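Hi,

Here's the structure I said I'd pass on.

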Amino acid sequence: MSVRKSATTSVRRIATLASTTARPTTERERERRRIAVLCLPFFALAIVAGFVPLAMLVRISLAEDTIWMDGWSFDAWETLATTPEYRRVAWNTLWFVGLATGVSVALGVAVAHALEKYDLPAERIVVAAVSFPIALPGIVVAYLITVLLGRQGLVTNAIAVATGQGAHGLASATAITGLFLGYVYSLLPRATMVLRGTYAEVNEQAEEAARALGASRWETFYHVTLPEIRPGIAAAAILTFRSGLAIFGTVLILQSHQVVTLQIHNEISVGSYAPDVAAAIGLVYVVFIVAFTFVGLRFVDDDAVEV
Amino acid sequence: MSDVTLESLTKAYGDEVAVDGVDLTIRDGEILGVVGPSGCGKTTTLRTIAGFETPTQGRVLFDGVDVTHVPPEERNVGLVFQSYALFDTMTVRENVAFGPKMQGVPKAERRERADELLAMLDIAELADRRPTTLSGGQQQRVGLARALAIEPHVLLLDEPMTGLDAELKTRLRDEIGDLLADLEVTALYVTHDQEEAMAMCDRIAVLADGTLEQVGPPAEIYRRPENPFVANFVGSSTLLEGVAENGHVDLGFTELPVAAETDGSVRVAARPAAFDLGEGSLEADVTDVTYLGDRTRLTATLPDDTTVTLHADGIDGYRVGDSVPLSIDEQRVHVLE
């Protein structure tokens, strides 16, 4: 079959598909139309809020004049590729968010295990307390960290009283540990939510069989439960890592570690105004997130929780 | 293997009593069946022996040693579930070798033990497969091999045949029954299928509402039920009201030469086989006919309006409204004490 003939056949097929979706006569066609109608808002949003801004970012990053978006230039990309500072920010972001993800997922496994395996007193309160941070803006999380770990902070002063040291030297809200705590506080609910769903699918009778066969609680967790929740851990890690990369409010207030979101903010701030570089960083960020998600999903079973 | 004793075992969940003062012994090397309707406490009893439930009152003893508060992993109990509960992330061999591994058995020895058991259960060729690729019958064999691999004090089987098709169930039942008998395993076999319990078990315990109604060999349970519940639950029975006097029971419409312990009002349990159809001085009116292939089940009304269940040959052409002559075989009835 020639290329022209093949293309004509494809166009005809698409035209037929569009026609039968618009005017269905069979149940299958009607179902196709229902799916199209249900997906329409998503596609509209994806185009308006996703593809159009991304196209704009590409254009800004390649513009010679970023105010009037005039002319073409690779200067922003060259700057991004050759300036060591940007590589340092990228590395800072990856290790910091990676570590926060690891700690959040590990804590999430422990919390989900406790919630799903035991009858906890006041379980609803525990669930509410664990899920609460998901609704908090990053700025509020930063404020909470300051209230706890700042110079006037409750924890800082309690430690100061207990150890006899000065509160000034102990304050860690604006140190990297304070920011790390803020990240974990924000990410833990996401990890826990995914892992609780996974835990609900764990075969409890297999766990009981393992214990009857002589495995201690820890051995049962290691040999039976952990392999079963592994896809959930991968899903939680993907979701948490992506969310961690996007945190901005907390890092903007606490300012103790230079990460990619803060760098984009700095690039478009008065004083160092470089929207083309900010656009280039933004595009690298989006490409990285998409690639990371595709690679990460290979470690998640089809029936595991969607991320 | 060892014997298992339950002493006044009671398990309550709040106000709900699941098991109520059960005294029961599983003798060394015997297979004890536990039957009863849903919610009667069968599985709770099994889980208490395994250590997954702590009794509210009473004790569990293995060979006379109190294990009531010993955790499950220290009881050396083999568990076989209805849902198989295999470890899907391990191969069949790894599943079977898991228990010995937890017991600290060296790798070569546990592999050898696993292969031996798989061969014994005729599934040696499945050793490197994952459980999810096996049929229900194959998975249940793996579950049994895994439970036997630890050489348990007692093997606990929780409705292991439920969910299998009828033909496979019959085949597996015979095979497992023979294997357990050969290995002289002490086993508790929980099932709702009386036929399965009768075929496989040395003795049967009948539970109802958490209490033990009767325990004994299958034939005794069937032929001499101790109360109306057992008479009706194990097989089908007709309970005939009568009056016992001087070695006879007067049923009103006929008299049976059977002895009761005390004179007075009694109930006589009569299985379908106790009624000889086609001959006799009694007449019953057929009200329902169900063709079952090898036999026909009739529901009929006796002269005193008692409804009885009768079995006729499958080729006999009984119809609703027929009046059938019958007699009662006094050798096959049992007076309830």
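P231(A) is partly exposed, because 18 other C-beta atoms lie within 10 Å of its own. For that label, a residue is buried with 20 or more other C-beta atoms within 10 Å, exposed with 12 or fewer, and partly exposed in between, with C-beta atoms placed from the backbone. P231(A) sits in helix 11 of chain A. From K5(A), P231(A) is 226 residues away in sequence and 45 Å away in space, C-alpha to C-alpha.

A word on what you're looking at: it's a predicted model, where local features need pLDDT of at least 70 and side-chain atom pairs count only at pLDDT 80 or more, while totals for chains, interfaces and linings use all residues. Residues are numbered from 1 along each chain as its sequence is written, and chains are lettered from A and ligands numbered from 1 in the order in which they are written.

Now chain A as a whole. It has 14 helices and two strands; these are DSSP runs (helices are H or I, at least four residues; strands are E, at least two), numbered from the N terminus. Its radius of gyration is 25 Å, whereas a compact globule of 307 residues would come out near 19 Å. That radius is taken over C-alpha atoms, and the globule rule is 2.2 Å times the number of residues to the power 0.38. The C-alpha trace of chain A spans about 85 × 65 × 30 Å along its principal axes. As for burial, 32% of the 307 residues of chain A count as buried.

Which parts of chain A touch chain B? In total, 16 residues of chain A are in contact with 18 residues of chain B, contact being C-beta atoms, placed from the backbone, within 7 Å. Helix 10 (204-212) and helix 11 (217-246) of chain A each bring at least two residues to that side, and the largest share, seven residues, comes from helix 10 of chain A. By class, the side of chain A that touches chain B has eight nonpolar, four polar and four charged residues. Here Ala, Val, Leu, Ile, Met, Phe, Trp, Tyr, Cys and Pro are nonpolar, Asp, Glu, Lys and Arg are charged, and the others, Gly among them, are polar.

Last, chain B. It is divided into domain 1 (4-228) and domain 2 (236-336), with bounds from an automatic or database domain assignment. Their centres, taken over C-alpha atoms, are 38 Å apart, and each domain gives five residues to the contact between them.

Cheers

Definitions and conventions:
Contact = placed C-beta atoms within 7 Å.
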